[in-house]
Amino acid sequence: MRRHRIATAVLLSVGALFAGGLTTTGAAQAAGPTGPIGHSFTAADQRAAATFWTPDRMRSATSLDLTAAPGALRQVARSATPTTIAPTAAKAAPSAVSPAAFPQAGGAWTGGGAVVKTSGRVFFTFQGRTASCSGNAVTSQNASTVITAGHCVKYQGAWHTNWVFVPAYDNGQAPYGQWTATKTLTTPQWEASEDINYDIGAAVVAPLNGKTLTSVTGAQGIQFNGGYNKAMYAFGFPAASPYDGSKFIYCSGNSSKDFLFSQDHSLACNMTGGSSGGPWFTSFSEATGTGLQVSVNSFGYTFLPNRMFGPYFGTDAQNLYNKAQAS
């Protein structure tokens, strides 16, 4: 995983989109809007995205190094009142589950279960280049909501185009279809200054063949203001060396709170570029492959290799989820 130096502290997105070394502007501290920001896709946009992502384009999608200036990192007030939404089972029974290693710093997920269908790769175009992240389907009113990282929907002032979610991605194949976005959203803090504490995104996807996303894949639960220092499982499709985006990878262990510049969760994990936006679960059951999503893969520090950081799902994340599921 490549590391880039800026200012006095260096951060690197583990869900990098493509090689490039772009940086955020630490001086950008505008308060921004008070609610989640969204970008809509027309029917023509959706048709274009559906035909754009061929197997070869998905296999060749590259990753972007995301860096954040220290000035963009601020202390964040946290509510102590948790809100929990339960998982939703798919109509078809999940695949069989076998015990997995705990802790695990990065290995192929062979346990099966619901997480194999709810998680997937996200593909999009950014500044004319094909790129990828990871994402996860969650229980929602519209049965069509995907949670990912903020920089996986908008970065450097530009909303990504040709945005699709491919659950259970399999080396260029989409066994449950390519789901085109009707709308992508992020937090106002990410919109205003790319504050890494709020690197959270969401997408609403269009029905496919007359069905909604989670009626096909099932959906994970989600929790807000759930606290720190919990047993966690993190999943994603890392595409930067030593990974190539073809395998569904997980990390597990007891998480902690970042003691450096952010208010994020921290977990020992060696996932690399392409895994950004992949889900972090607490109360995860290996028997069913279900849990409560409480974060996403976001970034890592250059001087702390093999450690992943993910934003805390507080009230702003809950507002984002509420706007997405009502869209």
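# A walk through the predicted model

On one side of helix α1, R47 and T51 are exposed (over 50% relative accessible area; buried means under 20%, partly exposed in between, with a 1.4 Å probe and protein chains only). The buried residues of this helix, which spans residues 43-52, are Q46, A49 and F52. These three lie on the same side of α1, because they cover an arc of only 130° around its axis, taken from the directions from the helix axis to the C-beta atoms. The elements against which they pack are α2 (55-60), β7 (119-126), β8 (129-137), β12 (161-167) and β13 (179-186).

The model is predicted, so local features need pLDDT of at least 70 and side-chain atom pairs count only at pLDDT 80 or more, while totals for chains, interfaces and linings use all residues. Residues are numbered from 1 along each chain as its sequence is written, and side-chain values use heavy atoms, with hydrogens and water left out.

Taken as a whole, the chain holds 6 helices and 23 strands, which are DSSP runs numbered from the N terminus (H or I, at least four residues, for helices; E, at least two, for strands). Of its 327 residues, 59% count as buried, and among its contacts (heavy atoms within 4.5 Å) with a separation of 6 or more, 76% come from residues 24 or more positions apart.

Helix α6, at residues 315-325, has A317, Q318, L320, Y321, A324 and Q325 as its buried residues. Seen down the axis of α6, these fall within an arc of 160°, so they line one face of the helix. What covers them includes β5 (83-85), β9 (145-148), β13, β14 (201-205) and β15 (221-224); strand β13 is also among the elements that pack against the buried residues of α1.

Turning to the strands, an open sheet of 3 strands runs in the order β18-β19-β23 with antiparallel pairing, where strands pair if DSSP finds at least two bridges between them. Its edge strands, each pairing on one side only, are β18 (256-257) and β23 (307-310). Strand β19, at residues 265-268, is joined to β23 in the antiparallel sense over 4 bridges, and H265 stands opposite G310 in β23.

Strand β17, at residues 249-254, contains C251, which counts as buried because its relative accessibility is 0%. From C-alpha to C-alpha, C251 and C269 are 5.6 Å apart in space, although 18 residues separate them in sequence. Leaving aside residues up to four places away in sequence, C251 touches several others, including Q104, M232, Y233, L267 and C269.

A search of the whole structure finds 2 salt bridges, each defined as a side-chain nitrogen of Lys or Arg within 4 Å of a carboxyl oxygen of Asp or Glu. In one of them, the side chains of R59 and D56 meet at 2.8 Å, N to O, and these residues, being 3 residues apart in helix α2, are separated by about one helical turn. R59 is partly exposed, with a relative accessible area of 38%, whereas D56 counts as exposed at 53% relative accessibility. The side chains of K154 and E191 also meet in a salt bridge, at 3.3 Å, N to O. This pair links distant parts of the chain, as K154 belongs to strand β10 (residues 154-155) and E191 to helix α4 (residues 188-193), 37 residues apart. K154 counts as buried at 7% relative accessibility, while E191 is partly exposed, with a relative accessible area of 25%.
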